[in-house]
Amino acid sequence: MNKNKLLFSALLFPALVWAQNTSQITGKVVNSKNKPVATAKVILNNGESETYTDENGIYRFNNISAGSYVLRVDDPEVSKTYSFTLKENEILSYDFMQSLSSDAYQIMEVNVTASRKTMPSSTLRLGENLLVTPQNIQVIDQRLLNDQQILTTAEGLSRNVSGVRTITHQEEGSVGIAVRGFQASNLRNGMDVSGSFGPLREDMAFVDRVEFVKGPAGFMMGNTQPGGFYNIVTKKPVGREKGNVQLTLGSFNLYRAAADVERKLSKDGKFWGRLNVMGTKKGSFQQYVEHEQYVINPSFKYIASENTNVTLEYILSQNNFQGGFAKYAYGIDGFKDVKRSFSFSDPIMDPTRSWEHNVYGTINHNFNENWLITGQFGYVRSEMQGESLYAKYNSIALADDPVNKRIKGDVNRGISINDALNTSTIGQVFTRGKFTTGNINHNILAGLDMGKKFYVADWSVLPQNVGPVFNIYNPVYGNLKKADIPQYDRSQSLRERGANYITNYSYTSFHLQDEARFLEDKLRIAAGFRYTSTVKTSAADKGAEVKNTAVTPRFSITGLVSPTLTVYGLYDETFQEQTGRLLNGSTADPSYGKNKEIGVKKTWFGGQLMTNITFYHLTKTNMLTAAGVDNPGLFEQTGEATSKGIEFDLNGNISKNWSILLNYAYTDAKVSKDNNPKNIGGMLYGTARHITNGWIKYTIAQGDLEGLGFSFGYEYQAKRAAWPVVTGYPYLPDDYFTLDLGVSYKRDSYQISFLVNNLTDRYNYVGFYPGAWSYSHYGWRATNPINFRMNLSYNF
């Protein structure tokens, strides 16, 4: 390959705009009696484009770029999918036929590889339709993310899944997501990258989809939290020459531009490249809180043969933000005691700089139609350097104090250093296959997972007060001078300065599962186990090695009652080494989790809509929670926590005009054992007893107004736990509620979307009561007031 050509293509990806052509894909969908099927959804390349059949069963995709494609009908009674290569100015025609209902069980097995909403990514290792998977798994695809104009994982991603809650904290740096009351593990491309600091919260510029897995699922994904995890699937080449550019404007001076371009880099079509770039500058409703970020994400795929391919990806993400812990508001008489725009920040403060390097590689090989093997590695290096202006611990005047010349609300401000480094190095090899013994079909999943994580930080609090006294009820900004800000001594390396926080942690894990299928695969019984060995060193253990091992089993039974209805039961355990220094100076102990779950899944409207209802009970030992904003990097550990509840999810389309997402969760997550009897019965910090969310979109599918869409969404959380929970105060006094409305128009290659969030301008927040970490006051983080976003998008 010409080296200059490759370099030129990589540098000019975002600027390439290729001429339109007249390539077309068309065909007809008929039933088993050769009658046309109207309003059937036809999907191109796993959801990148879609259309519906007309009253004569005819579908068309116009102005399609040359490239490789997979075509399917979103109907469980259509067994075939077509893979083909389209040339410029070529017209191809493929017809589809529904099968007889007696063949539906076999069809379900054949057709799962192409459904975006009912098929998880390959990084989850399942290779199975979600309808017949004995676990509550929800997929959030790119189209839903675009409709809701979600830009990062910290911006309401959790609204799309039952029983999931986002805890607003340091959202410019990282994101706190709780599942079933417990902190969720963070995976990228199926690899656990969770750490004491990092990874940085993901920007949607490099995210293809997000998958939420409820419960441990340690048998397939490593040592994860018992409540569940979310898996970020990044964008990679898919074998189609395409491009997209977007411009987003919004409230609080939001300016954002992004580009996504994929091109064939070799004449034989075996080498593909994709580049995603993004730049954002954004303010806040809070004073002197802002951030700017950019992302560069090139990825390459080499198709060595029909059975082997290699993917390599790099992500650089940098975010400079101002605010930090200064975004917390304090009050003496209750929550919402000060105006929503309040912060402890000041215009003179320099931004904190955080950046992250990610490298991923994957090799896939199919031995035959029954067996495959996948190997992948990942490296994530998350760094942060900066400062945080905040209110000094319990320095607030709770009442007028004439003797000390202080009035109610006076507080001293201080500064802490925000320097941290977290690395994760992960390797995985797994195989999936099937064989038969007599009348029993066996599906095998086995793999080896290894990882090494390192963490060090300097959260030093400088002793002197910064500037004059600050009053929360009459804040005065702009009085600080550079002379008021203490100078940091960074002459020593971060390892020297953060010696008390250094932690090294590594693990090796092997897992094996056999799912035996009976009665023509309608009854499935699975048994598996995972063996995990961990080694860690930390300052809390005076550098001594701490080793732990565990064997965690998994059992499930699944019944395919009909082609559209599945019931299952599940028992699963998890073991997770925990890194971090406790508030008392010791190191964190490992946690163990046990989950018992039963569920019912059903698809409707020809497979276009899926519903799940789940009942679960899980237990976790050695719960680990942050020790407060004035103890950054430190944790507290309780004895045992339990979570039980009911979850309901509905997601999909009910016609070619209507798409709907609706979920509800009842979650009873609380401390069940603790050294302090007063803590028993207290809610877990990530809990809201009742959570329900909805998102409905209506799109005009034909006529002069074709492509015009209207969206309506809401979020509601009742009986929310404070963070942390304080004895005698089980809930925050206010429920959480937002109402969102949007309108969009899509025609040909163009789309414009306008969305208003929190239409009622409700003052929402998360926070803590006096007594939390021995504070003498209330503290909270306000979330966004009414705001808008407008997005312009062009595909080429």
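This is a predicted model: local features need pLDDT of at least 70, side-chain atom pairs count only at pLDDT 80 or more; totals for chains, interfaces and linings use all residues.
Local features need pLDDT of at least 70, side-chain atom pairs count only at pLDDT 80 or more, and totals for chains, interfaces and linings use all residues. Residues are numbered from 1 along each chain as its sequence is written, and side-chain values use heavy atoms, with hydrogens and water left out.

Start with the rings. Rings of Phe, Tyr and Trp (its six-membered ring) pair if their centres lie within 6.5 Å; planes under 30 degrees apart are stacked, over 60 edge-to-face, the rest tilted. The count is 34 aromatic pairs. One of them joins F335 and W780 edge-to-face, at 6.1 Å centre to centre and 75° between the planes. This pair links distant parts of the chain, 445 residues apart. F335 sits in the loop between strand 22 (329-331) and strand 23 (352-366), W780 in strand 47 (residues 778-782). Strands are DSSP runs (E, at least two residues), numbered from the N terminus.

A charge sits over a ring if NZ of Lys or CZ of Arg is within 6 Å of the ring centre and within 35 degrees of the ring normal. R180 lies over Y616, 4.0 Å from the ring centre. K602 sits over W604, 4.7 Å from the centre.

Four strands form an open, antiparallel sheet in the order 3-2-5-6. Strands pair if DSSP finds at least two bridges between them. Strand 3 (49-52) and strand 6 (82-86) are the edges. Four bridges join strand 2 (residues 41-44) to strand 3. I43 stands opposite E50 in strand 3.
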